[in-house]
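These are my notebook entries on one protein structure.

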Amino acid sequence: LSNPRVRHRFQYACSDFAITSSVYYYYLQQEPQSLEAINAINVEEELREDTAQLLYYYYMKGSGGLYEADTPGDVVVGEFDYLLDCLMLAHEQGYVYFEANACQAMAELLKTEENYLLLMEKRPGMMRVINQADLSWEELVIGFSQQAIDLFKEYGDWYQISGSYRTLASCLNEQ
């Protein structure tokens with residue numbers, strides 16, 4: 001692995017394997033294995049040159065129940081931080097798929113008013129960044145759901161579009 005190109009390809013293969021493994025374990029409801037796989041990634045070393053993998057990592061840490069903290073409130077704040085990083089980077093770099101996923105996950109995270117109020121307390125500046133129109137809690141959550149639907153339509157992913165409609169329905173039911 002002394003050749004930089006070979007080393008880079010190997011690091012990509014390792015991080016891709018870890019992310020993919022984490023996803024599969026997650027869908028099989030094997031949370032410890034999913035956590036182990038995602039935590040095996042050295043973000044600074046393995047993902048610094050691959051925006052798509054970095055976005056996938058941020059998305060998984062923010063939406064997949066893969067953020068570990070001492071309290072449920074700290075989990076919400078940590079997941080929010082990862083989703084915000086994913087949302088902003090995806091939007092900035094034009095990664096529509098990950099922007100849509102981040103919007104959908106943000107709607108899921110904010111659909112309970114308790115989480116919204118916690119984040120207003122713990123991350124007021126960042127909440128203003130994602131809510132520049134000063135929408136109510138209900139409008140903000142529905143807005144994220146609708147934005148996910150619109151972005152997935154732009155991307156052309158019917159499976160994700162249907163999942164976004166499920167998220168919208170879930171948010172409306174919560175309200």
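Which element gives the largest share of the lining of the second largest pocket? I worked on a predicted model, and I found that α9 gives this share, with four residues.

**Entry 1: the second largest pocket.** I noted a volume of about 310 Å³ for this pocket. Of the 15 residues that line the second largest pocket, L87, V129, I130, F144 and Q147 are the closest to its centre. I listed α5 (72–93), α6, α8 (124–130) and α9 as the elements that give two or more residues to this lining. By class, I recorded nine nonpolar, five polar and one charged residues in the lining.

**Entry 2: α6 against α9.** I then looked up how helix α6 (residues 96–110) packs with helix α9 (residues 137–155): the angle is about 155 degrees, and the axes lie 8 Å apart. Angles over 145 degrees count as roughly antiparallel, and α6 and α9 are therefore roughly antiparallel to each other. I recorded their crossing as left-handed. The contact includes Q104 of α6, and F144 and Q147 of α9. Its residues divide into 15 nonpolar, four polar and two charged.

**Entry 3: the largest pocket.** I noted a volume of about 650 Å³ for the largest pocket. Its lining has 23 residues, and Y26, Y27, Y59, S63 and Q104 lie nearest the centre. I found that α1 (4–27), α4 (51–63), α6 and α10 (158–174) each give two or more residues to this lining. The largest share, seven residues, comes from α6. I divided the lining of the largest pocket into eleven nonpolar, nine polar and three charged residues.

Definitions and conventions
Residues are numbered from 1 along each chain as its sequence is written. This is a predicted model: local features need pLDDT of at least 70, side-chain atom pairs count only at pLDDT 80 or more; totals for chains, interfaces and linings use all residues. Side-chain values use heavy atoms; hydrogens and water are left out. Axes are lines fitted to C-alpha atoms, for helices over the stretch in contact, and angles run from 0 to 180 degrees between N-to-C directions. Angles under 35 degrees count as roughly parallel, over 145 as roughly antiparallel, 65 to 115 as roughly perpendicular and the rest as oblique. A crossing is left-handed if the near helix is turned anticlockwise from the far one by less than a right angle, and right-handed if clockwise. Contact means heavy atoms within 4.5 Å. Ala, Val, Leu, Ile, Met, Phe, Trp, Tyr, Cys and Pro count as nonpolar, Asp, Glu, Lys and Arg as charged, and the others, Gly among them, as polar. On a 1 Å grid over the protein atoms alone, a cavity is a set of points where a 1.4 Å probe fits but cannot get out, and a pocket is an open set with protein on both sides within 12 Å along at least five of seven lines; lining residues have an atom within 4 Å of a point. Grid points are joined across faces, edges and corners, and a volume is the space filled by probe spheres set on the points.
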